[in-house]
Amino acid sequence: MSTETKQDRLVKEIDTKIGEVRTEAVDLSFGEIINLQDNKEIKIDPEYQRLFRWSDEQKSRLVESILLRLPIPQIFFIENEDGTLELIDGLQRISSMIQFIQSELIGKKPLKLSGCNIIGNLNDCLFDDLPLALKLQLKRSSVRAIIVKRQSKYFLRYEMFKRLNAGGSELSEQELRNCSARLFGGWGIEFYNKIIEMSYHPSFVKTTETLADSDLEKRGREELSLRFFAAKDGSDYYAGHVANWLDDFMEAVLLTRVPFPIKEKQAIFCRTFDCIERVLGESAFCKFKDNRPIGGLAPAHYEAISVAFSRNIEKCESTDKAKLYDTVTQARQSAQFRENVGPGANKKSKLAGRVAVIEEAIKLA
């Protein structure tokens, strides 16, 4: 009879997980980081965080802080299979220092300091304007770097990235997903690349023209690509919060809990949006009133129409487009449809309800 207690099992489980992620902590000087960048031994990838969201004042105050020997937060790398290091957290700090010390490495104009409010004489200085002692101090100043070794389990690398960036303002939700997917290795990179590729499919671009510019800047089309598959294949993960739903669905795909044969999925995606463009055109996902489209892309309409068309693709492709347009347009203005896209639309039952209304209309066309 086992005498192992719950506490024993807890310690054992934690010990196992600790062994699945291997890290190394090193202090890297900014001079070393610049040399690594020059030799292409580190990768500062804008897919992880968009470069230079910091203002010149923010960058300048970092330089000022380092000269004052104030502590700065640690940075994180992952080690790739070829031994190169990929920066996944701390890009603003590292890119700011590279821009100030050796800007040509990242293709930016030299940083002229501004907004320094402790050492005012730093303002308007370029790196070359500093005395040698301060130049050397900047190059020799170090930052603690945590390196997640390549032997670590992909899932824990992914979890670490999510937790480092969750709640931050630097990345949009879809940018976080794109970055997180890459940390799964080969399959994650393939999935991420296909989502991006599909977001550029001509008919998809045409039918999502009404997406707001602010959403486009946050990778909105890529999010809609993922959302199509989540609505079609991942309704079990739908629990009211859209961002969490998409995160959970993507994670299930990457962990192969949800089958995702990539060629088959891409084929149905392209067929679906080709057909939607043929029948509904640019206003495919707008709201309708008095038989006329109003406003921009409505996510609930997008889910209902794209999923209903994909599930009935052969009927949609073979039906007279004018007849199908009229039938679907009337269904979108019906009381039953409005009931499923109004208040409380982020419920699993409402998602199923609005898809069902459009499916019924397609069958009657």
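Two strands count as paired if DSSP finds at least two bridges between them, where strands (E, at least two residues) and helices (H or I, at least four) are DSSP runs numbered from the N terminus. All the close-ups below come from a predicted model, in which local features need pLDDT of at least 70 and side-chain atom pairs count only at pLDDT 80 or more, while totals for chains, interfaces and linings use all residues. Residues are numbered from 1 along each chain as its sequence is written, and side-chain values use heavy atoms, with hydrogens and water left out.

**View 1. An open, mixed sheet of five strands.** Reading across, the order is E1-E5-E3-E4-E2. E1 (23–29) and E2 (42–43) sit at the edges with a single partner strand each, so one side of each has no neighbour in the sheet. Look along E1 and E5 and you'll find seven bridges in the antiparallel sense; Glu24 stands opposite Ile147 of E5.

**View 2. Strand E3 and its two partners.** E3 (residues 75–79) pairs with E5 (residues 142–148) in the parallel sense over four bridges, and here Ile78 faces Val148. With E4 (residues 85–89), E3 also makes four bridges, this time antiparallel; Phe77 has Leu87 as its bridge partner in E4.

View 3. Five of the five residues in E3 are buried (under 20% relative accessible area with a 1.4 Å probe, protein chains only; over 50% is exposed, and in between is partly exposed). Ile75, Phe77 and Glu79 point one way, with Phe76 and Ile78 going the other. In a regular strand, side chains alternate between the two faces of the sheet. Helix H4 (residues 91–102) lies across E3 and E4 and runs at about 115 degrees to E4 (axes are lines fitted to C-alpha atoms, for helices over the stretch in contact, and angles go from 0 to 180 degrees between N-to-C directions).

**View 4. Helices H8 and H13 side by side.** The axes of H8 (residues 186–199) and H13 (residues 262–280) come within 11 Å and cross at roughly 10 degrees. The two are therefore roughly parallel (angles under 35 degrees; over 145 is roughly antiparallel, 65 to 115 roughly perpendicular and the rest oblique). H8 brings Trp187, Glu190, Phe191, Lys194, Glu197 and Met198 to the contact, and H13 brings Ile262, Gln266 and Phe269 (contact means heavy atoms within 4.5 Å).
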